[in-house]
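Welcome! Here is a short tour of a structure that may be new to you. Take a look at it first, and then we will go through a ligand site and some strands.

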Amino acid sequence: MSTSEAWKYLEPKIANIQERIFELEWEPSRRNNFVPYKADGNTAYVFVEGQRLLMMSGYGYIGLNGDPRVVAAAKAAVDEYGTGTPGVRALAGTIPLHEELEREVAKFLGRESALVFSSGYAGNVGVIGALVGAGDTIFLDKLDHASIVDGAQLTGATLTRFRHNDPGHLDRRLEATAPGGTRLVIVDSVYSMDGDIAPLPALREVCDKHNALLMVDEAHALGVIGATGRGIEEHFNYEVKADIKVGTLSKAIPANGGWIVGEKILMDYVKRFARPFLFSAALAPAQVGAALESLRILDREPERVSYTQREAARFRDLVQQAGFNTGDTETAVVPLIVGSNDKAWDFASALQKGGVVGLPVISPAVQPHMARLRIAITAAHSRADIDYAIDSFITAARQTKVLEG
Ligand SMILES: Cc1ncc(COP(=O)(O)O)c(C=O)c1O
């Protein structure tokens with residue numbers, strides 16, 4: 001690196017990361033997090049360095065990535081609108097397809113209006129920043145996604161964390177907060193590393209008691225929970241509602257983008273105050289076309305959701321019977337918790353040698369000694385794929401002493 005004085009304080013940080021990379025990725029199988037993956041069409045398989053592997057850690061919950069209808073819609077959008085947009089949404093970047101997608105998202109989720117962002121991350125940063133600022137208080141679940149934490153930190157509001165999925169602790173936190181200002185409680189509907197679900201009715205009760213707004217991030221709930229994949233409110237039989245719902249178009253929906261739904265007056269407000277909406281390029285036409293078609297397919301083919309829910313329940317039962325620790329999962333996201341980072345790497349390497357990808361999630365991304373393979377069941381997995389994966393998990397776990405036997 002340059003020896004210039006300007007790099008003096010940054011250089012040790014960069015050198016330190018080089019050391020960490022060396023420690024972590026000292027053998028080729030440990031590099032799989034950054035290795036390029038190539039999808040094998042509309043299947044659950046991927047090619048990694050020429051080898052065809054069964055992917056068990058992908059987010060494509062309803063099996064639509066590579067679906068010919070979605071691919072055709074993305075191509076048609078490019079044919080009609082080109083590959084980019086000429087600006088941000090507020091300055092010539094809005095195309096008719098953005099508005100069509102927003103109408104479709106709102107209709108699918110039963111709200112008056114919607115707004116789409118260029119990613120789920122941008123959506124969280126934008127929405128939180130538009131809703132609160134100095135003088136307000138944000139209450140975050142300890143396991144909230146990084147985009148929520150980052151968005152909250154940028155606002156200048158007071159930040160408070162409460163214990164994961166613990167409405168009693170939230171209640172005490174709200175009780176202890178001085179009156180005045182907006183109080184915004186934000187939770188993930190489904191936690192991406194654990195697969196458990198936020199207790200919406202109990203959270204609603206606590207928020208109502210303390211005049212707090214409740215915002216849910218449906219990134220891993222859309223297409224995953226609720227009988228027809230409409231997320232956490234449907235999961236709890238529409239007993240209660242969240243005040244603000246956001247999500248992504250990059251998990252069950254195989255595109256890019258983030259969304260918020262709510263009343264039109266709220267959208268009109270967010271549109272004018274969410275900085276990533278105002279100062280970052282609009283969602284590209286191919287992504288809008290793919291998202292729109294995928295959402296329509298999700299609406300027409302709810303059996304994709306019920307298949308994944310059924311197969312995920314069967315998968316959870318079988319891996320639990322085999323002795324795996326799956327934490328508190330209730331969804332298609334199933335962690336296989338193994339303990340140390342090294343154990344997770346060894347388990348993942350052994351698994352990959354048997355033709356299956358299960359990606360390790362290690363500390364500091366999760367608590368120390370809670371390293372895991374984060375598995376996701378999708379509609380692209382056949383029953384035979386899932387059975388093969390379970391056998392492979394058991395074999396690899398025995399080889400690496402994750403399981404006895
Ligand atoms: C809960 C949650 N929110 C937001 C995001 C960000 O979404 P995107 O990848 O579309 O930026 C993610 C992505 O991993 C997520 O898991």
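Helix H5 (residues 120-131) supplies three residues to the shell around the ligand, the largest share. Helices (H or I, at least four residues) and strands (E, at least two) are DSSP runs, numbered from the N terminus. This is a predicted model, where local features need pLDDT of at least 70, side-chain atom pairs count only at pLDDT 80 or more, and totals for chains, interfaces and linings use all residues. Residues are numbered from 1 along each chain as its sequence is written, and side-chain values use heavy atoms, leaving out hydrogens and water.

**Around the ligand**

- Tyr121, Asp217, His220, Ser250 and Lys251 come nearest among the 15 residues around the ligand; being near takes a heavy atom within 4 Å.
- The side chain of Asp217 has an N or O atom 2.6 Å from a nitrogen atom of the ligand.
- For Ser250, a side-chain N or O atom is 2.9 Å from an oxygen atom of the ligand.
- The protein buries 86% of the 390 Å² that the ligand exposes when taken alone (Shrake-Rupley method, 1.4 Å probe).

**Strands**

- Strands E2 (residues 45-48) and E3 (residues 51-55) run antiparallel, joined by four bridges; strands pair if DSSP finds at least two bridges between them.
- Phe47 stands opposite Arg52 in E3.
- Two residues lie between the strands of this E2 and E3 hairpin, where Glu49 takes a positive phi near 45°.
- E3 also runs parallel to strand E12 (residues 356-357), with two bridges joining them.
- Met55 has Val357 in E12 as its bridge partner.

Key. Polar contact = N/O pair within 3.5 Å; in protein donor to acceptor, adjacent residues only side chain to side chain.
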